[in-house]
Structure formats: structure tokens, C-alpha cells
Amino acid sequence: MPSRAPKRICCRLGALALLLGAVLLPGGSGRAAPATPPFGAPFAGPPGPGSWFIGQWYGNTAWAHRYPYPAGQGLHFGIDFNTRCGTPVLAIGDGVVYAVDGPYGAAPHNVVIAHANGLFSFYGHLLQRANLTEGQPVKASQPIALSGEPSGRCDLDPHLHLEIRRDEMHQTVNPVPLMDLDWRRATLGIRRNGLTFERDLDQPLRWTTFTDQPDVTFGDPRLNDYPHGWP
């Protein structure tokens with residue numbers, strides 16, 4: 001379970017968030033998404049087969065159901081963006097570096113940025129330790145790291161694992177309504193387990209699209225242990 005160690009920087013950002021007003025979040029919270037997404041893409045240029053594309057959505061994917069993520073209530077608690085190893089990763093919004101290679105998973109290297117709206121962006125499976133320090137300000141679209149892959153070898157499944165978290169990093173929310181990018185083009189029309197959502201045949205309309213996925217609270221019980229699931 002992620003550490004609950006307080007950070008001075010978060011206290012300052014939390015106070016700023018109160019001044020700015022509450023953020024409207026998607027997912028299981030029942031709150032509406034913001035009219036204008038506050039975050040951009042984690043890579044330069046448009047998505048495409050030669051640049052970057054989505055390998056697995058956030059949430060109740062068929063892959064997550066088959067190989068559940070125990071820390072994330074059985075759900076995939078980020079979006080996987082496939083791209084070549086060594087591709088520059090961009091900050092999706094203005095903020096301050098919260099952690100570099102911290103205790104939040106997604107090895108071998110990762111970065112967390114705290115944003116003034118109370119949210120955190122998490123960048124995992126990086127190629128090498130980022131040349132950043134905690135407390136360092138960053139701007140949207142600023143290169144912060146290089147993409148890698150979970151094995152660290154770059155010859156199996158190179159991708160960036162991107163999460164948006166809140167509550168001092170203890171919850172994740174669906175990044176889709178919070179990011180301004182061409183989601184349709186980013187899927188490339190690919191059909192695979194990571195782009196297919198598991199269905200609970202007892203409640204077949206729940207959590208079946210990339211916009212209606214629930215929030216995840218780390219350490220809470222699994223959400224998708226269905227007795228009658230498909231596929």
C-alpha cells in the first residue's frame with residue numbers, strides 16, 4: 001500500500017486548491033468532469049502507429065480482470081501509452097515535483113508531479129531515473145523523463161504507465177475526462193484485451209466504456225471479482 005508520509009509541498013498545494021475551488025472529478029465519486037480538461041498529452045505530436053498510442057485503458061479492462069492488480073482493487077489504475085523506449089515524456093500540466101523513484105510502484109523508475117488543483121500525475125516504467133528533484137517547478141509540456149518498460153529491457157512491451165491520483169496519492173481517478181487529446185485516434189482501431197472492458201453479466205451495463213470507470217482506493221477490496229464475467 002502506498003506510503004501515507006506527509007509532504008510539506010502538498011500542504012501548500014492543498015491550500016492553493018481550496019482557494020481555487022473544488023475540482024470536479026469523473027468516476028465512481030459521482031462528480032462531473034470539468035468542462036475543460038486541465039491536462040494535456042504526455043508526448044509531443046499526434047498519436048499514431050509510428051509515435052504513441054493506447055495499449056490499455058484505465059479501469060475494468062479484460063486484462064486486469066484476468067490478471068488482477070491487487071493493489072488497485074483488481075482494476076488497471078492508469079493508462080498505458082505504447083511508444084518506443086527513450087521517447088521524451090512530457091509533464092501533462094504545470095506543477096511541482098512530488099517524488100522521483102518514490103514508493104508508488106510502476107518500476108523501474110517513476111515520477112510524481114503535484115498540481116495546484118489537488119491532483120497528482122504519475123509517470124511509470126521510465127527508462128532511467130529522471131533528472132529532477134523534489135520541489136522543483138515544472139511546466140506543462142516540459143520534458144521530464146524518457147519512456148521505458150516494466151522489464152527495463154525495452155524489447156518486450158515499451159510503454160508509459162500514466163496515472164492521475166488524489167487524496168495524497170491514495171486514490172486514482174479516470175484520466176480520460178481530465179486529458180485533452182484525441183482519444184479515438186490514440187486507439188488506432190486496435191482490439192485487444194487492454195482495450196476491451198470486462199462485463200459483469202449480472203450488471204452488464206456497468207463500467208464498460210473508457211469514460212465510466214470507477215475510482216480506485218489503494219488497499220480496498222477487489223471491485224471486479226465477478227461470478228459471471230465476460231469475456
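Is Pro150 buried, exposed or partly exposed? Pro150 is partly exposed, because its relative accessible area is 39%, where buried means under 20%, exposed over 50% and partly exposed in between (1.4 Å probe, protein chains only). The model is predicted: local features need pLDDT of at least 70, side-chain atom pairs count only at pLDDT 80 or more, and totals for chains, interfaces and linings use all residues. Residues are numbered from 1 along each chain as its sequence is written, and side-chain values use heavy atoms, with hydrogens and water left out.

Pro150 belongs to the loop between S8 and S9; helices (H or I, at least four residues) and strands (E, at least two) are DSSP runs numbered from the N terminus. Leaving aside residues up to four places away in sequence, Pro150 touches Ala107, Pro108, His125, Asp157 and His159, a contact being heavy atoms within 4.5 Å. Pro108 is 42 residues from Pro150 along the chain, yet their C-alpha atoms are separated by 6.3 Å.

The structure has one disulfide, defined as a pair of cysteine sulfur atoms within 2.5 Å. Cys85 and Cys154 form this link, with their sulfur atoms 2.1 Å apart. Cys85 lies in the loop between strand S2 (79-83) and strand S3 (88-90), and Cys154 in the loop between strand S8 (143-146) and strand S9 (159-166), so the pair ties together parts that are 69 residues apart in sequence. The angle about the S-S bond is -90°, and the link of Cys85 and Cys154 is left-handed. Cys85 is partly exposed at 25% relative accessible area, and Cys154 is partly exposed at 26%.

Next come the aromatic rings. There are eleven aromatic pairs; rings of Phe, Tyr and Trp (its six-membered ring) pair if their centres lie within 6.5 Å, and planes under 30 degrees apart count as stacked, over 60 as edge-to-face and the rest as tilted. Phe43 and Trp52 make a tilted pair, 5.8 Å centre to centre with 40° between the planes, and both residues are buried. The rings of Trp57 and Trp183 have centres 5.7 Å apart and planes at 50°, so this pair is tilted. Trp57 lies in the loop between strand S1 (52-56) and helix H2 (62-66) and Trp183 in helix H3 (residues 183-187), so the pair ties together parts 126 residues apart in sequence. Trp57 is buried at 3% relative accessible area, and Trp183 is buried at 11%. Phe43, Trp52, Trp57, Phe81, Trp183 and Phe210 form one aromatic cluster.
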